[in-house]
Amino acid sequence: MKVTFDPVTTILREIDRSQETSGEAPCPVRDVLDRTGDKWSVQVLLRLAPKPERFNALLRSVSGISQRMLTVTLKGLERDGLVERTVFDTRPPSVEYTLTPLGASLIEHLAALANWAIKNEPQISKNRAAYDNEAPAP
């Protein structure tokens, strides 16, 4: 089944134009998806959407993430301008993370993707099982 979706055509043209004019520069879509598509960034951004969080609260709320990976993820999100880090002059010092306006503008799109994934996960799991049962062994 072929899907025709005019915004996709427009996006693809923009990607092609970007690659032609920038030479070796990464594709802008791939560049952003590398950040938002990693294992932890979406979860961290969604956790920060309702309110700012301290590091340890994030560590407790993002199931399975290590302290090191949370640190790496937050630094990457801060570098991209999606998250802001605030250090409070307390003993010991405390750190709070909040979404920037740019990060907040991404939440609506991440939430739509997350909702799609939740809604379609049963069908995807069913499709994977069927494929795995039919696929020849390597």
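Predicted model: local features only at pLDDT ≥ 70, side-chain atom pairs only at ≥ 80, totals over all residues.
**View 1. The largest pocket and the residues around it.** Let's begin with the largest pocket, which has a volume of about 260 Å³. Its lining includes Val 32, Leu 33, Thr 36, Gly 37 and Val 42.

**View 2. The helices and residue classes at the largest pocket.** Two or more lining residues come from each of α2 (28–36) and α6 (101–134). Look for α6 in particular: this element gives the most to the lining, with seven residues. Sorted by class, the lining holds nine nonpolar and three polar residues, and no charged ones.

**View 3. The second largest pocket and the residues around it.** Now we move to the second largest pocket, with a volume of about 220 Å³. Among the residues that line this pocket are Arg 54, Phe 55, Asn 56, Thr 71, Leu 74, Lys 75 and Glu 78.

**View 4. The elements and residue classes at the second largest pocket.** Here α4 (55–61), α5 (67–79) and β3 (94–99) are the elements that each supply two or more lining residues. The largest share, four residues, belongs to α5.

Conventions
Residues numbered from 1 in each chain as written. Heavy atoms only, no water. 1 Å grid on protein atoms, 1.4 Å probe; cavity = no way out; pocket = protein on both sides within 12 Å on 5 of 7 lines; lining within 4 Å. Points joined across faces, edges and corners; volume = space filled by probe spheres on them. Nonpolar A, V, L, I, M, F, W, Y, C, P; charged D, E, K, R; others polar.
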